[in-house]
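Please look at the sequence and the structure below before reading the report.

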Amino acid sequence: MTSLLRTLSAKPWLWSFLGALVLWLVTVAFTGGQGGGGMLTAALALSQFTVIVGIGQMFVITLGPGNVDLSLPANIGLASAVAMKVMDGNDSMVVLGLVAALACGAAIGTANYALIRALRIPPIIATLSASFIIESADISYGRGLQIKPPPGFADFTNLQLLGVPLLAILTIVFSICAGIALQRMVYGRSVLAIGQNMRAAWLAGLPVGRIRLLTYTLSGALGGIDGALLAGYFRGANVDIGNEYLLASLAVVVIGGTSVAGGKANVPGIWGAALFLVLLLTMLNTFGVSAGLRMLITGLVIVGVIAAAGGRE
Amino acid sequence: MSARAVRAWLPALSFALVVGAIAWLNPRAISYLGFNLMLNLAVPIALATIAQMFVIAGNELDLSIGPFVGFVGCVTATWLRDSPLLGAAALIAAIAIYAALGALIYRRSLPSIVVTLGMSFVWLGLAILLLPKPGGKAPDWLLATVGYQPPWIPLPILAALVIAGVAHFGLMRTSYGAILRGSGGNPAALARAGWSLLKTKVVLFALAGCFGVLSGMTLIGITTSADANIGSGYTLLAIAGVILGGGEFVGGRVSPVGAVMGALTMALAASPLLTFMNIPPDWQVAANGAILIIVLAVRALVSTRE
């Protein structure tokens, strides 16, 4: 027991996994053991979308105070429309559609950084102004069109191997790569160094501008690919498809143990936090809680968890 | 003209440009009735902008002001009409929650973005619980107040002047206002001089709550009925208004008069101007973003000369 507590205090992000486990057990106990496995499958499938954008947001936030990508929801919306239009219900166009969504997201990320650099404004304002424009572009571009994904692509995004969604496996592989990039590669170490002290990193000769550009582009590209996958999973693109990912991407990063002050990041915690949030919703849904109460409780839990975890030491 | 002066006049200049463009496109809009119609919804936006300005003055950001305005709207259209005492108590409690959030954010040194984003769910959830379907009705006294037509000057312009005046006097001309701005400008120095940073944070958030309540009530006075999502666009509009009005994100540099002008510019540019220019409503949100970027670009250009 004491060794467990020691592990927990050394790795605070384990709390989110523990929390997710408790929520799952409570829900399964409530249903009398019914559908516990299906619940986990669904939780993995919904978490993967949050994890993908969460990782992008994590790299951005790790760049230091004030760095945040508020354009993700608009980005996801536009990229989902772009992907579905390029694919045009045709299975042979899937790869091209994915590339288009990726390129669309990456272009948005690059544009975000261009605004930050050229106007010397805080990233919050830059990504916010950009999101206004992206949102309008999406409304105008995807107007009234509920384009369905190609059947093959929709099946692919919903595919399961022994109850584990294929996309979740791919996302886990990607998370491991992101973890290695963060801790073991020059890029990740540079992001951490910039987050700890941008001036010191610059004086040490790190290409600060290039790393920041790369990070915003990465976040944008991940938003883009997330949009395409979401449109496949939910069988159709729409303007509001990315709305919930602003809170979700920020919340999983912070609950997952990444420091908002920058310079300290954690990839596994993002998975734990994403599962925690999805299972919280599953539990409330199973209890038959009304929509208003569900939102109220979700909000209170997020504020409570963040308050308990504390901020910059 | 010095760079500093250009910066200070930028909000007024952008406002004048937008009004000028409207006057050029449709001269009849520049009248008592025209301003009443065009600026009607600008008053609650201006109030929400001032609320956001207080939070930004303390180097924080409030992403929950929109849903909060919606919640206040729902309380106004239900409880405040049916049982005024309960309604008033709920609104005062809401302001107290805002103050408590300020204390929580300071005590636990939490990121205000995430805390307020979480709170946005709380306010929206409460609003939906209170008013699951759009409806309710504004209290009669509120309808009468908002519908009042003063001689010569349209009510929205009069209201904007009063809001700007009150906020300017409080924040820029009183000694505690200087302390509040200082808490964003140089918190360490302020703390060493013996001022409580906890108190400044609580006061700034409480003020934000007060103006948020005023914004929600005015909005319901104009729309006459409520909807839980009625304030959803306000979060971004309010931030944009503060920045457009010359506010800086860090360092407690804000301007109440500029913020009100920024809010009016947003309100005018977002809808009447585009309508007169025959631009489809799809691009209304983009207009907000574009104006923000253009003004910031001009500001960046001017600052290079500094």
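## Basis

This is a predicted model, in which local features need pLDDT of at least 70 and side-chain atom pairs count only at pLDDT 80 or more, while totals for chains, interfaces and linings use all residues. Residues are numbered from 1 along each chain as its sequence is written, and chains are lettered from A and ligands numbered from 1 in the order in which they are written.

## Helix α3 of chain A

Helices here are DSSP runs (H or I, at least four residues), numbered from the N terminus. Helix α3 of chain A covers residues 36-62 and has a kink of about 25° centred on A:Gln48. The bend is the angle between axes fitted to the seven residues ending at a residue and the seven starting there.

Because 21 of its 27 residues are buried, α3(A) is largely enclosed by the rest of the structure. Buried means that 20 or more other C-beta atoms, placed from the backbone, lie within 10 Å of the residue's own. A:Gly64, which follows α3(A), has a positive phi, near 125°.

## Two helices in chain B

Helices α6 (residues 84-107) and α12 (residues 197-223) of chain B pack at about 145°, with axes 7 Å apart. Axes are lines fitted to C-alpha atoms over the stretch in contact, and angles run from 0 to 180 degrees between N-to-C directions.

## Where the chains touch

Chain B gives 36 residues to the contact and chain A gives 38; residues are in contact if their C-beta atoms, placed from the backbone, lie within 7 Å. On the chain B side, α7(B) gives the most, with 13 residues.

How values were computed
A residue is buried if 20 or more other C-beta atoms lie within 10 Å of its own, exposed if 12 or fewer, and partly exposed in between; C-beta atoms are placed from the backbone. Two residues are in contact if their C-beta atoms, placed from the backbone, lie within 7 Å.
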